[in-house]
Amino acid sequence: MENEVKILVVDDEERIRRLLKMYLERENYTIDEAEDGNQALSKALANEYDLILLDLMMPGKDGIEVCRDLREKKATPVIMLTAKGEEVNRVQGFEVGTDDYIVKPFSPREVVLRVKALLRRSSKTTYLQTETSAKDIIVFPYLTIDNDAHRVLADGKEVGLTPKEYELLYFLAKAPDKVFDREQLLKEVWHYEFFGDLRTVDTHVKRLREKLNKVSEQAARMIVTVWGVGYKFEVINE
């Protein structure tokens, strides 16, 4: 089927997998399942999924470990399923590259809406984007951000980013030379406010720079650390 959306549902509780599968299949998504972290990682690396719904607490390899290992190889969008009271774990999830989280017990309809929203933001599902007459494209020397297609080009070569990495870059690039502290970035990019560890932002900036640097050193240098404050996007014209 052309433009088929494939989703991997990972949870050690069969009833939750069945519930999610039923609601997601109503949206004409193709669903695959995994019951533990090891099986999830194996399937995620062997197949091309458009999105992964990943339970946080599982026997053996947990959701944090699965996401961390996955991010070493792939940028597949991930929504983490967490229980109430696991805020610290959710912070860890963002640090290792989770794109969104849903708290259990959840409404299946909420899950469907979150999945649709993340698919729209994902570069893998550009076919879901409707064509518009006014193109949303930002062009800098060494770097082009096509927001309609959710594509990033560095020196003309496409850079594979996770949805959160993309959103972080796009947010900074929309306001060149403006300095944002970590709290602002967490609120604006992650839509998540909490008091505590701000390494989520640092981890994503580091990962974003590394990916850009593999293609263009100049593009990577546009993301500038303002010591003691936060980060900014600085245009390089050399």
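**Close-up views of a predicted model**

View 1. Setting aside residues up to four places away in sequence, Leu 169 touches Leu 143, Ile 145, Val 152, Leu 161, Leu 208, Ile 223 and Phe 233. Leu 169 is one of the residues with the most contacts inside the largest nonpolar core. Leu 169 is also among the buried residues of helix H6.

**View 2. The nonpolar cores.** The largest nonpolar core comprises 53 residues. Besides Leu 169, the residues with the most contacts inside this core are Ile 52, Leu 54, Leu 143, Leu 185 and Leu 212. Helix H6 supplies the largest share of the core, namely seven residues. Another core, of 19 residues, lies apart from it and includes Ile 7, Leu 81, Val 111 and Val 112. In soluble globular proteins, nonpolar side chains tend to be buried together.

**View 3. Helix H6 and its burial.** Helix H6 is mostly covered, with 11 of its 11 residues buried. Among them are the residues Pro 163, Tyr 166, Leu 168, Tyr 170, Phe 171, Leu 172 and Ala 173. Lys 164, Glu 165 and Glu 167 of H6 are likewise buried.

**View 4. Packing of helix H6 against helix H8.** Two packed helices are described by the angle between their axes and the distance between the axes. Helix H6 (residues 163-173) and helix H8 (residues 199-213) pack at an angle of about 90°, and their axes are 10 Å apart. Angles of 65 to 115 degrees count as roughly perpendicular, and H6 and H8 are therefore roughly perpendicular to each other. From H6, Lys 164, Glu 165, Leu 168 and Leu 169 take part in the contact, meeting His 204, Val 205, Arg 207, Leu 208 and Lys 211 of H8. The residues of this contact divide into four nonpolar, one polar and four charged.

**View 5. The five-stranded parallel sheet.** The strands form an open sheet in the order E2-E1-E3-E4-E5, with parallel pairing. Strand E2 (30-34) and strand E5 (100-104) are the edge strands, each pairing on one side only. On average, neighbouring strands of the sheet are turned by 20° against each other, direction ignored.

View 6. Strand E1 (residues 6-10) and strand E3 (residues 51-55) run parallel and are joined by four bridges. Leu 8 has Ile 52 as its bridge partner in E3. Ile 52 is also among the residues with the most contacts inside the largest nonpolar core. Helix H1 (residues 14-25) lies across E1, E2, E3, strand E4 (78-83) and E5, and runs at about 170° to E2.

Note on methods: Residues numbered from 1 in each chain as written. Predicted model: local features only at pLDDT ≥ 70, side-chain atom pairs only at ≥ 80, totals over all residues. Heavy atoms only, no water. Pairing = 2+ DSSP bridges. Helix = DSSP H or I, 4+ residues; strand = E, 2+ residues; numbered from the N terminus. Axes fitted to C-alpha atoms, helices over the stretch in contact; angles between N-to-C directions. Contact = heavy atoms within 4.5 Å. Parallel < 35°, antiparallel > 145°, perpendicular 65-115°, else oblique. Nonpolar A, V, L, I, M, F, W, Y, C, P; charged D, E, K, R; others polar. Core = buried A, V, L, I, M, F, W, Y, C linked by side-chain atoms within 4.5 Å. Buried < 20%, exposed > 50% of the residue type's maximum accessible area, 1.4 Å probe, protein only.
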